[in-house]
Amino acid sequence: MKQLTAMLSAPKTAAPPAVFARQRPRYAEKLIEASLLAAALLTILTTLGIVYALFRETISFLGEVPLTDFLFGTEWHPLFNPPAYGVLPLVTGTLAVTGIALIVAVPLGVGSAIYLSEYASKRTRKTIKPILETLAGVPTVVFGFFALTLVTPFLRDIGINVDVFNGLSGGLVVGILVVPTIASIAEDALSAVPSGLREASYGLGATKYQTSTKVIVPAALSGIVAGVVLGASRAVGETMVVLLAAGQRPNLTFDMREPVETMTAFIAATGKGDIPTGSIDYKTIFAVGALLFVMTFVLNMLSNFIVGRFREEYE
Amino acid sequence: MAWKVKEEPAPGGAAPDVTPQGEHAPTGAQNIFELQAVSVRYSGNLAVKEVGFGVPTNRITALIGASGCGKSTLLRCLNRMNDLIPGARVEGTITYKGQDLYSPRVDPVQVRKRIGMVFQKPNPFPKSIFDNVAFGPRVLGMKEDINLLVENALRRASLWDEVKDRLKDSALGMSGGQQQRLCIARAIATEPDVILMDEPCSALDPISTARIEDLMNELKDRYTIVIVTHNMQQAARVSDKTAYFSVEVGDNDRRYGRLIEYDDTERIFTNPSDQRTEDYVTGKVG
């Protein structure tokens, strides 16, 4: 009452009371904001640090071996005398294994995604999707022994004359390894297509198959392609399976019955050896690593381009 | 484009099919749909209880009532769209030209070829305008010239003049009202007998709404239209017959819809025989 009287009697020119004035500074909020920013920055800085280390050694490597010899040479035996630093056999080994992996993984992955999203009942989906994703959690070394001890003998049993270590069984198993990545991302993309589009298609007398292939898959294509490219990235970067099953012979061939060495397998096999730091052998690891980095980087750029180019937006 | 159950004799002698395939019945001569004691349940929960009425050929029939009265559910029974919802069950009989729509011999895909649908929210495919309209004819493998089919459908949906120069553009670049007329064009491109419309104007402004209503009046010469609408003025303006549904509260506070009154639209809005209908159409409730 007293206040009211005061307010009423106050001169009209006085500033209005600041009812929305901040009560006290919010330190906790500032702290949270700062730590979140720090977390983000740390990730970026770590990545930059890795890239720096990678390219520093690579540049030093290229001081001793000309870039054209490295990129276009067809012989790779850096530890022999005289050494040869042509990376092409490793690149073809990597590409061939990735190619075989994708031939396995794209139909299986996209097919199971379409089944789960469009055909499976809710209960089936709830059972199968976690099982599929568990496949992604199996340690890759297990897949490697699976390739070596089961897939290779099986290939021989069905009459494919493969060596003990060969690119084919490695590629096939890398493909199985990549299926969950592609299936999971593609399924998310398919499920995200608005149900209105399904209804529209069914309402026009389309069958389930027509609806899936002519409406839902095109609408989700960008997500499916993103999944495939991510799967390809995984296949390119996959190490244990090829290290164990594909052999370690740098081999400029696309005959996958023979042993091949991939870039990752070379890095792993050489890196675990007793190579003196700073030697040319040491630097080859970084050079191959940098090339691998560039390849996956280009792959990701390509996926962004495809996604942007072929997107069928539905909102 | 075979109507699979064509040869099946009319069950119970209800509304025998005297119409040759591909032609429409004489105006007002008979009912294209007959519903008898139709109930719909979702996972056992009653949504619509024991509805019966007939939908006349080449007329516009409006289903009105408050939210939750089951009018959309009932509409979706007419082209078996409810089949797509797990746990949905339809009881009673619905006949289309005398044939039981829910006979085990009926293929729902064949049903939807003859009974098209337009939805509440415009849902064009993320494709070009042309491909949207061409989708149905292509899927059904229609043999006629596709360009001609698309042009005719767009003309009948009075959209042709607006889009003829940009048929290759994405349908998603159109306005909401244009998109809905595109969806109508898409539905009529397959030359169905019936078009079901589920609140087709609820997402549109009044001018677009007026255009769609004009369109419905032009279309009813060739098609039977059943429309669900929240807008009573719309029902009064466009429809010939009106069915009023109300929401009933059953056991456990579960809500379901019931048909209260079905009659000529003029009578429903000027001289309804049920007090509840009068209260609804005069705006006393709802």
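Modeller: Start with Ser158(B), which sits in the loop between α4 (146–156) and α5 (160–163) of chain B. Helices here are DSSP runs of H or I with at least four residues, strands are runs of E with at least two, and both are numbered from the N terminus. Before going further: this is a predicted model, where local features need pLDDT of at least 70 and side-chain atom pairs count only at pLDDT 80 or more, while totals for chains, interfaces and linings use all residues. As for bookkeeping, residues are numbered from 1 along each chain as its sequence is written, chains are lettered from A and ligands numbered from 1 in the order in which they are written, and side-chain values use heavy atoms, with hydrogens and water left out.

Ser158(B) isn't a glycine, yet its phi is positive, at about 40 degrees. Most residues other than glycine have a negative phi. With a relative accessible area of 29%, Ser158(B) is partly exposed; that label covers the range between buried (under 20%) and exposed (over 50%), using a 1.4 Å probe and protein chains only.

You'll find Arg80(B) in the loop between α1 (71–77) and β4 (88–96) of chain B. Its relative accessibility is 11%, so Arg80(B) counts as buried.

Now for a helix pair in chain B. Helix α3 (residues 129–139) and helix α6 (residues 176–189) of chain B have axes that come within 7 Å and cross at roughly 30 degrees. That makes α3(B) roughly parallel to α6(B). The axes are lines fitted to C-alpha atoms over the stretch in contact, and angles run from 0 to 180 degrees between N-to-C directions. Under 35 degrees counts as roughly parallel, over 145 as roughly antiparallel, 65 to 115 as roughly perpendicular, and the rest as oblique. The α3(B) and α6(B) crossing is right-handed, meaning the near helix is turned clockwise from the far one by less than a right angle.

Who touches whom? On the α3(B) side you have Ile129(B), Asn132(B), Val133(B) and Pro137(B), and they meet Leu182(B), Ala185(B), Arg186(B) and Ala189(B) in α6(B). Contact means heavy atoms within 4.5 Å. By class, this contact of α3(B) with α6(B) has six nonpolar residues, one polar and one charged. Nonpolar here is Ala, Val, Leu, Ile, Met, Phe, Trp, Tyr, Cys and Pro; charged is Asp, Glu, Lys and Arg; the others, Gly among them, are polar.

Stepping back to the whole chain, there are 10 helices and 10 strands in chain B. Of its 286 residues, 56% count as buried. If you take contacts in chain B between residues at least 6 apart in sequence, 69% of them join residues at least 24 apart.
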